[in-house]
Amino acid sequence: MDPAIYFSIAFLTSLCIIWLCLQLFGLATHVWGPIERWLRRHIILPQVLDGQYLFNPTRIEVICYVLHWTCMVVFNTYKVSNEREAASRAAYATIAHLLPLVCSGQLSFVSYSFGISGSVGLSFHEAFGWMAAVQGAVHSIIELQDKGHWTVQTKAGLVALCSLLALSCLPFARSLAYEIFLVTHQLLVITFALALWLHVQPLNNIVRRLCFIALLLFIATSCYRYARQIYGNFVPIRKRMRLIEIEEVRKQDDSLILGLHLPRSWRIRPGQHLYLTVLVFRSGSILQRHPFTVTWWNASQEPRMYLMIRAQRGWTKSILDRPDLLKSRKVWLDGPYGMPVCLENYGTVILFASGDGIFAQLPCLKAVTEACKISRARTRRIKLIWLTNEFNEQLREWIQTILDDEDLHPDLLDLCIHEPNTQMSSKVESRGRRVKIVHDVPNVRRYLQSELNHPETEIAVTGESRHNHYSAIADEIVSAYPVLRQSVRNEVLKINKFQMRLFELDYQPNDKDQYDSGISA
Ligand SMILES: Cc1cc2nc3c(=O)[nH]c(=O)nc-3n(C[C@H](O)[C@H](O)[C@H](O)COP(=O)(O)OP(=O)(O)OC[C@H]3O[C@@H](n4cnc5c(N)ncnc54)[C@H](O)[C@@H]3O)c2cc1C
């Protein structure tokens, strides 16, 4: 049999195995708790280096990288007798790594479909992309050595390689200029696909067939994705099918609050986000597509969801300057995406947020308190620790709604707001029974210890960083700047005595403050 067929089978089988492992891991959470906890504590959560580094993978990532590269080295060299064979193996490997990237279309959609978080999906995407680029380079170097003349096929191959290498370097531009990154990424992918098609045209082997299958899968997943979007966006409003529109726009400091009709067919759970496009031509809004968390919702007769949008440098800034542009405008939503976070099964839930991280934590808080009210939660204690230098009026109102809810047990909820920038004579001020304002940064260790000493403790921790969501016998949620996230991660890993689970949310606010030690309240 053609080695390419072996390889394709092996490759598809390994994809199925990864998927199966993910499913089994999900099952293990319920069936075989101790193993799952051990894996989390020793393999999944710990990073290789202590501290903040640009590249600081977790142990599981290192294991996956080593396995992946070893398998590929074996594939590239095993029973390879001449250069021709080596080049063709590298070509197969390139195609095989590109297949899942091409057929999937959109990353959030694939991550969601595979039941993994956006950050894990991104890691896979990058690892496959890099391997494809390396294999493509190996293939070209060998092939170019014995090329007498430059055919169209050779030139197309070179264009494909250049696009692939450019694609691999592009992620560095993502945080600097996202829109440029996105457009360049799409243009390069199209160039690459066309060049590759020309390059493989004269061949009549599995590579060409695989490219064709990838194209078909891309069309199929795109059709499904758009059909899902059309179904979600056309909703019955006043007995007619209409697009969702912005019903409320409020500007507060440098944030906008958008109130949208919440279609009943949408089920957005805490931890999930959606992509928003405002259908207005000015400021190029119609071409912009940005992810936002549903921070609040009203499940009344006229159900509404609310998005909090903090102005950054690009589109979000341009709409902050012209909020009138948004009122009554139609929007196009795509989602929900991201892994839902279910905290109701934990005895204690500790939520760590800093700055805008509260946008993603508030839905978790709302969901778990609502579940408590209807006795659908095992949660006995919830503690929200929020490091912030501003207290947005709208957020204050929403949090107050939860605090004022008389159906909640008085001891259920505790709120500690850390405002390190305001200097007062006393470091801790009480505002009512449940709220404390602390004029210092939070001391994560003391917070965790005091909750763990509590008799009813079973903790989950959630955080926003790529590597920083934990859960424990008490439940903890982190949605915070990197330093706070790192601190929560380290402290959770140090606590061996208790089962603890840390959740990593997809939304990570930008780093603004640094802190160390601090106090707890
Ligand atoms: C899962 C998730 C949930 C989010 N939830 C919220 C929220 O509830 N409220 C909120 O204010 N912000 C949220 N954000 C951040 C928000 O998406 C960005 O602030 C916004 O897209 C910036 O747009 P801009 O054109 O002004 O960006 P720029 O000023 O150009 O860039 C600012 C930062 O945003 C990133 N960014 C820009 N566009 C996108 C995009 N389309 N997709 C992903 N990242 C992008 C850039 O890489 C950069 O790091 C969330 C982000 C993610 C990933």
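How far does a polar side-chain atom of H290 lie from an oxygen atom of the ligand? The distance is 2.7 Å.

This is a predicted model, in which local features need pLDDT of at least 70, side-chain atom pairs count only at pLDDT 80 or more, and totals for chains, interfaces and linings use all residues. Residues are numbered from 1 along each chain as its sequence is written, and side-chain values use heavy atoms, with hydrogens and water left out.

**Ligand contacts**

The table lists polar contacts (pairs of N or O atoms within 3.5 Å).

| Residue atom | Ligand atom | Distance |
|---|---|---|
| H290, polar side-chain atom | oxygen | 2.7 Å |
| R310, backbone N or O | oxygen | 2.7 Å |
| Y178, side-chain N or O | nitrogen | 3.4 Å |

On its own the ligand has 880 Å² of accessible area (Shrake-Rupley method, 1.4 Å probe). The protein covers 86% of that area.

**The shell**

Twenty residues surround the ligand, each with a heavy atom within 4 Å of it. The closest are H290, M308, R310, R313 and T316. β6 (290-298), β7 (304-310) and α10 (315-321) each give two or more residues. β6 gives the largest share, 4 residues. Helices are DSSP runs of H or I with at least four residues, and strands are runs of E with at least two.

Why does the ligand lie between two domains? Domain 1 (3-12 + 43-227) and domain 2 (244-337) both give residues to the shell, so the ligand lies between them. The bounds come from an automatic or database domain assignment.

**Annotated spans**

The unreviewed UniProt entry marks residues 6-32, 90-115, 180-198 and 210-227 as "transmembrane region". Such annotations may be inferred rather than shown by experiment. Residues 180-198 are 100% helix, with end C-alpha atoms 27 Å apart. Residues 210-227 are also 100% helix, and their end C-alpha atoms lie 25 Å apart.

Methods: A polar contact is a pair of N or O atoms within 3.5 Å; within protein, one must be able to donate a hydrogen and the other to accept it, and residues adjacent in sequence count only if both atoms are side-chain atoms.
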